[in-house]
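Look at the fold as a whole before turning to its parts. The paragraphs below go from the overall shape to single contacts.

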Amino acid sequence: MSDNPYLAKKNSAKAYIGRFAPSPTGPLHFGSLIAATASYLCARQKQGQWLLRIEDVDIPRTQKGATQAIIQALEEYGFEWSGNIRYQSEQCQDYQDALDQLQAFTYPCSCTRKSLQARAATGTFSYIYPGYCRNGLSQPQASQTSMRLRSDINSCLNKADFIELCQATPYSQHIEKEVGDFILKRSDGLFSYQLAVVVDDHLQGVTDIVRGADLFNNTPRQNYLQCLLGYSQPRYLHFPVAVYDNGKKLSKQNASAPISLQKKRSTLLLALQFLGQAPPRLDNFSSIDDIWQWAVQNWDIDLIPKRLTQTIHDYEN
Ligand SMILES: [Zn+2]
């Protein structure tokens, strides 16, 4: 790990390494502030490092200026990350190397969404892909193909259970039946989120992943990939995802407002309350640094609500 450019020099291999990995599809909203806060406090309290990664692997979805806006908001809120920021859009060679390493388990697929619509069952995520092209392209004339990963490699399927530090409900997923052979490289040539995130976490030496429970059911696929690639498996903590009264999650897709750069202290206190912490009232803190000091000392993951979603009523920008 000594040559890991994402870490400060003092790091030893066994120390806690956490990360925050926003997608630059829009400015930082309250839901992503919660994610940054939870992962940051876990790392700070363990005197570990907290890395920043910009998940811009899905280039068409990135919004111009969003990366800068996110970094600026994090700086204004007093977050301090270690080492260099990793940008997924610059790591294609790493993803290709991993894909090459998985060659024995992957195959090209010519199926389009439209062709699957007619044939395949729908699962939690998308169509459950039962391997139509495992033994050759189902449409040999196809000009564009994706790369899929076989979901039936038993030696790693049983390693797709993960250590979860927050959620009360045990979770298990039968990848082959519930997801099927999933895509690692899309037909437009872009690498999938699942592959990118697993490779990044490995290369950045991440030991602990703290993220929203909307990613809970992605975890078995990521553990499956980690096993196939021979990577070690990080620990996981999934905190509840913030939803509006109507049940919709706060996200850039739902046009959630950017977090306020004027009311930073009260916004950060709301994020802490959302995470089950009980900070003193706003007038006890004269600066954002005061809040961080309190939060690092008092952060308690046992207070985080053990549920997948949680409604926010109070937050208005
Ligand atoms: Zn296919």
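**From the whole chain to its contacts**

The chain has ten helices and ten strands; helices (H or I, at least four residues) and strands (E, at least two) are DSSP runs, numbered from the N terminus. The radius of gyration of the chain is 20 Å, close to the 20 Å that the globule rule gives for 317 residues, so the chain is as compact as a globular protein of that length. This radius is taken over C-alpha atoms, and the globule rule is 2.2 Å times the number of residues to the power 0.38. The model is a predicted one: local features need pLDDT of at least 70, side-chain atom pairs count only at pLDDT 80 or more, and totals for chains, interfaces and linings use all residues. Residues are numbered from 1 along each chain as its sequence is written.

Of the 317 residues, 40% count as buried. A residue is buried if 20 or more other C-beta atoms, placed from the backbone, lie within 10 Å of its own. In strand β7 (residues 208–212), five of the five residues are buried. This strand pairs with strand β8 (residues 235–239) in the parallel sense over five bridges, and Ile209 stands opposite Tyr236 in β8. Two strands count as paired if DSSP finds at least two bridges between them.

Another part of the chain forms an open sheet of three strands in the order β4-β5-β6, with antiparallel pairing. β4 (106–109) and β6 (182–185) stand at the edges, each with a single partner strand, so one side of each has no neighbour in the sheet. From one strand to the next, the twist averages 45°. Four bridges join β4 to β5 (residues 146–149), and Tyr107 has Arg148 in β5 as its bridge partner.

Now turn to two helices. The axes of α1 (residues 30–45) and α9 (residues 264–274) come within 9 Å and cross at roughly 70°; axes are lines fitted to C-alpha atoms, for helices over the stretch in contact, and angles run from 0 to 180 degrees between N-to-C directions. The two helices, α1 and α9, are therefore roughly perpendicular to each other, a term for angles of 65 to 115 degrees. Which residues of α1 meet α9? They are Leu33, Ile34 and Thr37, which meet Thr267, Ala271, Leu272 and Phe274 in α9. Residues are in contact if their C-beta atoms, placed from the backbone, lie within 7 Å.

Key. A residue is buried if 20 or more other C-beta atoms lie within 10 Å of its own, exposed if 12 or fewer, and partly exposed in between; C-beta atoms are placed from the backbone. Angles under 35 degrees count as roughly parallel, over 145 as roughly antiparallel, 65 to 115 as roughly perpendicular and the rest as oblique. Two residues are in contact if their C-beta atoms, placed from the backbone, lie within 7 Å.
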